[in-house]
Amino acid sequence: MVEIVPRPESLHPDVFSSPTESLYRSSPPNHVCAILFNKPHTNVHKDTRPRTMDSNGATADKSGQLPIRSNPDVDAFDIVATYLRLLAEDPELTMPMAAIEALIEALGASSATTVFETMRLVEDQSDRLKHSPLVANPMAACHGSEFFKQYLLRELRQLPSSGGSASGSGNRSEDQQFEAVRQHLLRNARLFATRAKDAREKIASEGRLLIPSKGIILTHGGSRVVGTLLGRAVERVDGTLPKSFKVIYAVSENRLTESNKVIAALRAKNIAVATIPQEGVAQIMSKVNVVFAGAEVITAQGGVISRLGTYQLARLAKDFGKPFYVAAEQHKLGKTYPVDQFSYGCGNYQQYPLDFQRSRPARNVHEPPETDDERRAKEVRSASPLDYTPPDLITSFICDHGVKSTVAMEHQVIDMFVG
């Protein structure tokens, strides 16, 4: 059953505050973080202890907390290279999880010993990922970073407070306990990714129930989640009979390798698959019973940012009266708030879908020359184009915690990021 909840007042980017600003603010329970990181959630109260600055610019509690160094020693650590290496080493790893693993490696390379040093480190490294021209989808990296920061903040709020003791021993104990959390992360970095991959199996278990018998399914984009869902649907699960269906796969040149891999895997399971070019979707949509798509990012208002062509599939499915389901892990949730197809609300992120050219290019003397970073960003993002699908085109989400409405996903974002 789809979880239906009342729609809240329309979200706006201004409702989100930064994790640093909300460090000691109580927030609703976050079961997604608790499951992924295997830590129990407990309620805590707001910490109102005063803070001062020492002569070196380090922050300290009046109650005697250890001073905070302003520059944790991670200058030699390259989080962008680490993030790209993790994705290259494990093709099954999602971009948000790669960001989380990269941040955990940054913690291992850091000499930070206090909670505030650690949070400052995570903020700084997250910003580097977000603004790097080498990151094709900074929104996905941001969502992983925000998810990880929320986990750290939740753990911080659970640490016992000294209640303003003048001795300072309580605060030193607080830092020691937070160090135990840090060590837990370092020891179990790969375990978190394994749990995230297990989410695909849960999604497959939920999604197979939405496949009509002898139906025709349309999909595209090389989504690993959708591929797992369709592959498991033809297997006997918990005594249920295998599903019988056919697949139409819309293939794009931008995702040819990933699409061919999924198509081969489906055919190996004796699933009949027909391929069509992306521009042929409208012609065959009347033959389709249901559309499945993956997502790289679940946005704050319950939409998705995904591979180019997803918006077109969703729009056509709506016009033809076909259900459009998004299969995605809930760790892809985040604060990204797109305004339209050209404004995703993520720093200086831009795509370049329109490249107007002349046989003799006109030179604008008032336009500054393109920088190396701008050129690299254009090359990287042109190779992996994205589009935004708004929530009104999505029938439901198939997640690791069940089939949920777009409104339920919007509420999940509020629970995670809004006090």
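Predicted model: local features only at pLDDT ≥ 70, side-chain atom pairs only at ≥ 80, totals over all residues.
Ile-216 sits in strand E3, which covers residues 215-220. Setting aside neighbours within four places in sequence, its contacts are Lys-246, Ile-248, Lys-287, Val-288, Asn-289 and Val-290. Val-273 is 57 residues away from Ile-216 in sequence, yet the two C-alpha atoms are 9.7 Å apart in space.

## A three-stranded sheet

Now let's turn to an open sheet. Its three strands are ordered E7-E8-E10 and pair in antiparallel fashion. Strands E7 (297-298) and E10 (386-389) are at the edges; each has a single partner strand, so one side of each lacks a neighbour in the sheet.

Strand E8 (residues 304-307) is joined to E10 by four bridges, and the two run antiparallel. Here you can find Ser-306 opposite Asp-387 of E10.

## The largest pocket

The largest pocket holds about 960 Å³ of space. It is lined by 45 residues, and those closest to its centre are Pro-91, Gly-222, Arg-224, Glu-258 and Arg-307. Two or more lining residues come from each of helix H2 (79-89), helix H3 (95-109), helix H8 (224-233), helix H9 (256-268) and strand E8.

Sorted by class, the lining has 18 nonpolar, 14 polar and 13 charged residues.

Key: Residues numbered from 1 in each chain as written. Heavy atoms only, no water. Contact = heavy atoms within 4.5 Å. Pairing = 2+ DSSP bridges. 1 Å grid on protein atoms, 1.4 Å probe; cavity = no way out; pocket = protein on both sides within 12 Å on 5 of 7 lines; lining within 4 Å. Points joined across faces, edges and corners; volume = space filled by probe spheres on them. Nonpolar A, V, L, I, M, F, W, Y, C, P; charged D, E, K, R; others polar.
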